[in-house]
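Subject: Structure handover

Hi,

Here is the structure I promised to pass on. Have a look at it first, and then read on for what turned up.

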Amino acid sequence: MKKNGAWRLWLMAAAVFIFSSLGKAQAQDEGGEETRWFSIDSLNAGLSEAPKAVKRTTPREAVRSFLTLTEKEDFDAAAHVLNLSELPPSEQRKQGSQLAKQLAEVLTRGEWLKVSNLSGRQDAAIEDPAGKHPQTGVPRRNLKLASLTAEGETYDIRLGRYRVDDKEPVWLIMPDSVSSVPLLYEEYGPSLFEEYIPERLKAPLGILKIWEWIAIPIFLLAVGLVGLGIHYLVGLMARWLPSGSPSIFVEQIRMPVVLVVMSLVTQMALDYVVSFSAAATTTFRVLLIAVLAWGGGAIALRLVDTLMLRMTRRLVEKDGAPQSREDRRLLTSLYALRRLIILIMVTIVSIYVLSKIQLFESMGLSLLASASVLTVLVGIAGQAVLGNILSSFQLSLAKPIRIGDLIEFEGQWCYVEGIFYTFIRLRVWNERRLIVPVTYFVSRSFENLSVKSTVEYRSLEMMLHLSADIQCLREKFLEYAKEEEDVIQHHKLSCYVTGQTEMAQTVVFYLMTSDPYSGWIAEMNLRERLMAFIRDNHPEWWPRSIMVVSQQDIARGEGPNSPKVTMTDSPSEGHHR
């Protein structure tokens, strides 16, 4: 009995659970109907029965049917794809065809609409086999076809799914979108110019109409002629201005100004003179925004370059490098500022262009799906470039070298002429230019001869005979050194014998110079003067070679050219007596 009672309790609990689940499922199903369509009492009561040519089961069928009917100029039938509920029934027939005609022009000219991208399902649910989209499989009852701007306001053209009583639901242009059609038609409708175009030229030919294939080349030619005129006028202005920074700036912005003016003229012509189809208009719009943004950024960058050039000319001395340490630091900071301005401008221009052409909205999930792959590819391909850019910023901030510094790099004396994004330009002492990648430069050791001060202690070495009078040479060296303009701190002048052999001695003269290059010249001058003094007054001080000739060699008549004669040379080669 107890077992039977337990079984009854289990059966009752299972029945309650099943009935409750069915009730919840039914409630969810009933509530789901409200999210799959808009329930209405009547639909376009002022229109007659929809012809069979009107297909409205799916969003793709509805838009394709509407565009096909309007191309055939069957606007009465196309009006059945519009929800005219905001119009009185008596006005729906009359205004419906007119609104259908206007909407067809707006969709053709306003935004490049791809019907194949619309959903082909009745419930317009998103199909994502991978299941990554959060709304995969969820029914939708309204979709956005296009987003257009008129008089500074944005208007959406949307499709909605409607159901009357127990009839099949259909997709229609929503009433709010229908009410905005006249305003959008004023913005995107045909221009006055098109009234004079013959009807046979208005027939479609591919993605454009016949007259557009003829008008677009003529339109581009006219804009190009305007650009040539602006290029000539800016050139005249550059020649009229006085020489210097103003004329240089005007000459540098010549091409950016031409592109900006051409883009503005093109935009004005598209707004007030002629209106092309959406395919051409969208292409023009993207190009105009990119050209306008690039031109404005280029003009701002040329202004920065001109200001930097003016400051550089003020700071740089006759030898091509600023002498003051503070000037070199300032010029290096200006170069770093220029690179920072370029990065900021490129970023701003890119964001502006992307926001205007709505790249993320048009590409949608495909862009997000490929973002990680593109990031990896760009990172691998641009690793060297990015490394150079980061290294250049490191040099500009840490300042181990500055513009105008004299450095010794890989055995060559060089002046630092410029620190750019990916390379450093060095001016070698013989006026050659050495271009070094930044990453290569920072990975090598170099000697900065100007990091603290350009003053350098130099030494001049001479090999002389043991009989040379060092005190006499010391006095002559002090006399000659004080006459050199680039020799400074005369109290540090000195002369010492630093080595000797059995036949010669090494004499070293020490001097302090204002900078390495001037010090090298002063050292050469002092060497020449000391050599001239010894040659003219004490030629016996030069190192001598000793030749040993035996008595037997003399008796045999063998001279110095005999291979048996022993020659003992001094350490200084090339000086034989």
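Before the details, one cut-off: a residue counts as buried under 20% relative accessible area, as exposed over 50%, and as partly exposed in between. Lysine 476 has a relative accessible area of 23%, so it is partly exposed. Please also keep in mind that this is a predicted model.

Salt bridges

Another one joins arginine 158 to aspartate 156, with 3.8 Å between N and O. Arginine 158 comes out as partly exposed, with 26% relative accessibility, and aspartate 156 is partly exposed at 29%.

Then there is glutamate 417, which forms a salt bridge with arginine 433; their closest N and O atoms are 2.8 Å apart. This pair links distant parts of the chain, since glutamate 417 sits in strand 8 (residues 412–419) and arginine 433 in strand 10 (residues 433–437), 16 residues apart. Are the two partners buried or exposed? Glutamate 417 counts as buried because its relative accessibility is 16%, whereas arginine 433, at 40%, is partly exposed. Both also belong to a network of salt bridges that links Glu417, Arg425, Arg427, Glu431 and Arg433.

Surface patches

On the surface you will find a patch of negative charge, where Glu151, Glu153, Glu186, Glu187 and Asp271 gather. Of these, aspartate 271 is found in helix 9 (residues 254–272), and its relative accessible area of 44% makes it partly exposed.

There is a nonpolar surface patch as well, of about 520 Å², made by Leu205, Ile207, Trp213, Ile214 and Ile218. Which element gives the most to the nonpolar patch? That is helix 7 (residues 210–240), with 3 residues. Isoleucine 207 lies instead in the loop between strand 5 (204–205) and strand 6 (208–209). With a relative accessible area of 54%, isoleucine 207 counts as exposed.

Glutamate 105 is in helix 4 (residues 89–110). It is buried, with a relative accessible area of 18%. What does glutamate 105 contact, leaving aside neighbours within four places in sequence? The partners are Gly110, Tyr185, Tyr188 and Pro190.

Tyrosine 457 is in strand 12 (residues 456–465) and is partly exposed, at 42%. Not counting residues up to four places away in sequence, tyrosine 457 touches Lys492, Ser494, Tyr510, Leu511 and Met512.

Cheers

Note on methods: Residues numbered from 1 in each chain as written. Predicted model: local features only at pLDDT ≥ 70, side-chain atom pairs only at ≥ 80, totals over all residues. Heavy atoms only, no water. Patch = residues over 30% accessible without salt bridge, like charges linked within 9 Å, V, L, I, M, F, W, Y side chains within 5 Å. Areas by Shrake-Rupley, 256 points an atom, 1.4 Å probe, with all protein chains shown as cover. Salt bridge = Lys/Arg side-chain N within 4 Å of Asp/Glu carboxyl O. Lys, Arg positive; Asp, Glu negative; His and termini not counted. Charge placed at Lys NZ, Arg CZ, Asp CG, Glu CD. Helix = DSSP H or I, 4+ residues; strand = E, 2+ residues; numbered from the N terminus. Buried < 20%, exposed > 50% of the residue type's maximum accessible area, 1.4 Å probe, protein only. Contact = heavy atoms within 4.5 Å.
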